[in-house]
Amino acid sequence: MSRAARIPNLGGAKAFVLHRPHTTVQAITRQLSAIGLAAVECWPHLPAEALAADFVFFDADLGFDEQFPWKPGEAPMPLVALIGSEAPGRIEWALSHKADAQLLKPVGTAGVYSALLIARQSFEARRQLAGEIASLRQRVGERQTIVRAVAALSKGSDDDRAYAQLRSLAMNWQISVEEAARRIVAMTEAEGGDDQSHRA
């Protein structure tokens, strides 16, 4: 993988800085502008347009859940926590929002660029993992549906024959085996658990 592929171009991105007016905010916005990002300062709440932001910096010292237009841990973009106090309760709160990177306050003349890159990579990795987990859960659920459909078709006799029947139905209906299984299960439930219409 080339370096260019690993390091994204951040120019043109937009970052919201959720922090009370402070020299820390000035230091962050100066660095963001130098990198090529548009910076928006806000406090005490994020405006609705922040939902389309590329990054959000938030104050871990004075922050609270109601500042965000999403539930804790469900931010649709990378988050960078601005940490001044290392009190366990404040760190725990920042973690509950799944901060992807952090900056220690006071912020000087560097640190924002690396925080942006780390936050984006962590966010993408977390989103990819969530997608894989959702896919696995769906596959497990579909497998259970197939088992239920086979059981409905076999009536406890020949599971192999029932599975072959399910595949045949899927081919005849021109749908996937999973979709055919869902239909069989739905029909069985509608008939009070007594499915007779698809017996061979």
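Tutor: Let's start at Pro106, in the loop between S5 and H4. The names S and H stand for strands (E, at least two residues) and helices (H or I, at least four residues), taken as DSSP runs and numbered from the N terminus. Keep in mind that this is a predicted model, where local features need pLDDT of at least 70 and side-chain atom pairs count only at pLDDT 80 or more, while totals for chains, interfaces and linings use all residues. Residues are numbered from 1 along each chain as its sequence is written, and side-chain values use heavy atoms, with hydrogens and water left out.

Now for the strands on either side of our story. They belong to an open sheet of 5 strands, ordered S2-S1-S3-S4-S5 and paired in parallel. S2 (38-42) and S5 (101-104) are at the edges with a single partner strand each, so one side of each has no neighbour in the sheet. From one strand to the next, the twist averages 20 degrees. Two strands count as paired if DSSP finds at least two bridges between them; S1 (residues 14-18) and S2 run parallel and are joined by 5 bridges. In that pair, Lys14 stands opposite Ala38.

Rings of Phe, Tyr and Trp (its six-membered ring) pair if their centres lie within 6.5 Å; planes under 30 degrees apart are stacked, over 60 edge-to-face, and the rest tilted. The whole structure has 4 such pairs. Phe58 and Phe68 have ring centres 5.7 Å apart and planes at 85 degrees, so they pair edge-to-face. Phe58 is in S3 (residues 55-59) and Phe68 in the loop between S3 and S4 (79-83), 10 residues apart. Buried or exposed? Phe58 is buried at 0% relative accessible area, and Phe68 is buried at 7%. (Buried is under 20%, exposed over 50%, partly exposed in between, with a 1.4 Å probe and protein chains only.)

Phe58 also pairs with Trp93: centres 5.7 Å apart and planes at 75 degrees, so edge-to-face. Trp93 is in H3 (residues 88-96), so this pair ties S3 to a part 35 residues away in sequence. Trp93 is buried too. Put together, ring pairs link Phe58, Phe68, Trp70 and Trp93 into a cluster.

How values were computed:
Axes are lines fitted to C-alpha atoms, for helices over the stretch in contact, and angles run from 0 to 180 degrees between N-to-C directions.
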